[in-house]
Structure formats: C-alpha cells, structure tokens
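The following note sets out numbered remarks on the structure shown below.

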Amino acid sequence: MATVDFTDIAYDELRIVARAVTKQTTGTLNLRVSVNNGSSFKTASGEYVAIDALGIETPLTGIPLHDTNATAARSGSIILSGLRSSQKKFARAENRGIATTVETTSIVNSVRVYPSGGGNNTGGTITVYGR
C-alpha cells in the first residue's frame, strides 16, 4: 500500500510508530497532516519546518520518520502534539532528535504515512496511539 491514512482523529496528541517497514522503492517513511479529514494533506515546502540541533530551520514537504533512504526495514517514531489547538503544531521524531513545527493553526484531524520515493510499503507495521 502506498499510503497509510488515519482519519477522524479527535486527540490532541499522537504517537506514530513505524516498525520494520519495508518499501518497494528507495526513500524515507514520512508523515503529513490534514485539516479536512483526509480530503487533502499539507504537501507544500514550508508547511513543515525542521529545527536541527544547531537551531537551523529547514522547510520540508513532510516529516521523515528516519534518515536513511532505503528499501530495507526501517523503524521510527514521531510524537505530534497540539493537534486541537489554534496554535502551530509541534512534532518530535524521537529517533532522529529533530523538532519540527507543522505550520497550521487549524485543527489536525488526519495523518498520512507514506514512502518518499513513491511505490508501496511492502512490510512492517504502522500504529497510531492517541491521547
């Protein structure tokens, strides 16, 4: 399957956990958000802004769950918070040590996990926990 969508989210915080996900084509496993229950997802550069350990901001088109471009099994975890607030959202890729802001003040009610290189996810599990 090319994308995994989680819709009708009514939580303020999510933990998205990908375990041993393999991909058909080389790339990273990424996350995008939606404010219209999955009708469309935020995809433009700058709708996500990564902040590295040096304080340097980098505009992104999605939030990577891991750094290595590969088809082999990769795992990652992201905590996404403030989803119900009218402020920008905050994401932390736990295994990457990089903070990311989601540049929307609308309520986020869907997330999509997708392979950056296109193709399909061919194995592994993706789980979302909410609170």
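**Remarks on the model**

1. Serine 34 is located in strand β3; strands (E, at least two residues) and helices (H or I, at least four) are DSSP runs, numbered from the N terminus. The model is a predicted one, in which local features need pLDDT of at least 70 and side-chain atom pairs count only at pLDDT 80 or more, while totals for chains, interfaces and linings use all residues. Residues are numbered from 1 along each chain as its sequence is written, and side-chain values use heavy atoms, with hydrogens and water left out.

2. Is serine 34 buried or exposed? Its relative accessibility is 0%, so serine 34 counts as buried (buried means under 20% relative accessible area, exposed over 50%, partly exposed in between, with a 1.4 Å probe and protein chains only). A polar atom of the serine 34 side chain lies 2.9 Å from the backbone nitrogen of glycine 38. Leaving aside residues up to four places away in sequence, serine 34 touches Ser39, Ser40, Phe41, Ile107, Val108, Asn109 and Ser110 (contact means heavy atoms within 4.5 Å).

3. The protein chain contains 0 helices and 11 strands. Among contacts with a separation of 6 or more, 72% are accounted for by residues 24 or more positions apart.

4. An open sheet is formed by 4 strands in the order β1-β10-β3-β6, with antiparallel pairing (two strands pair if DSSP finds at least two bridges between them). β1 (4–6) and β6 (63–64) are at the edges with a single partner strand each, so one side of each has no neighbour in the sheet. The antiparallel pairing of β3 with β10 extends over 6 bridges. Asparagine 30 is placed opposite tyrosine 114 in β10.

5. Which residues touch the most other members of the largest nonpolar core? They are Leu31, Leu80 and Ile126, in a core of 25 residues. Elements giving two or more residues to this core are β2 (13–23), β3 (29–34), β4 (48–51), β7 (74–81), β8 (89–93), β9 (98–102) and β10 (110–115). β2 supplies the largest share, 4 residues. A nonpolar core is here a set of buried Ala, Val, Leu, Ile, Met, Phe, Trp, Tyr and Cys residues joined through side-chain atoms within 4.5 Å. In soluble globular proteins, nonpolar side chains tend to be buried together.

6. Not counting residues up to four places away in sequence, the contacts of leucine 31 include Ile16, Tyr48, Ile63, Leu65, Ile78, Leu80, Val111 and Val113.

7. What radius of gyration does the protein chain have? The value is 14 Å, in agreement with the figure near 14 Å for a compact globule of 131 residues (taken over C-alpha atoms; the globule rule is 2.2 Å times the number of residues to the power 0.38). The C-alpha trace spans about 40 × 35 × 25 Å along its principal axes. Of the 131 residues, 40% count as buried. The accessible surface comes to about 6,300 Å², with 48% belonging to carbon and sulfur atoms (Shrake-Rupley method, 1.4 Å probe; for residues, only the protein chains shown count as cover).

Notes:
A polar contact is a pair of N or O atoms within 3.5 Å; within protein, one must be able to donate a hydrogen and the other to accept it, and residues adjacent in sequence count only if both atoms are side-chain atoms.
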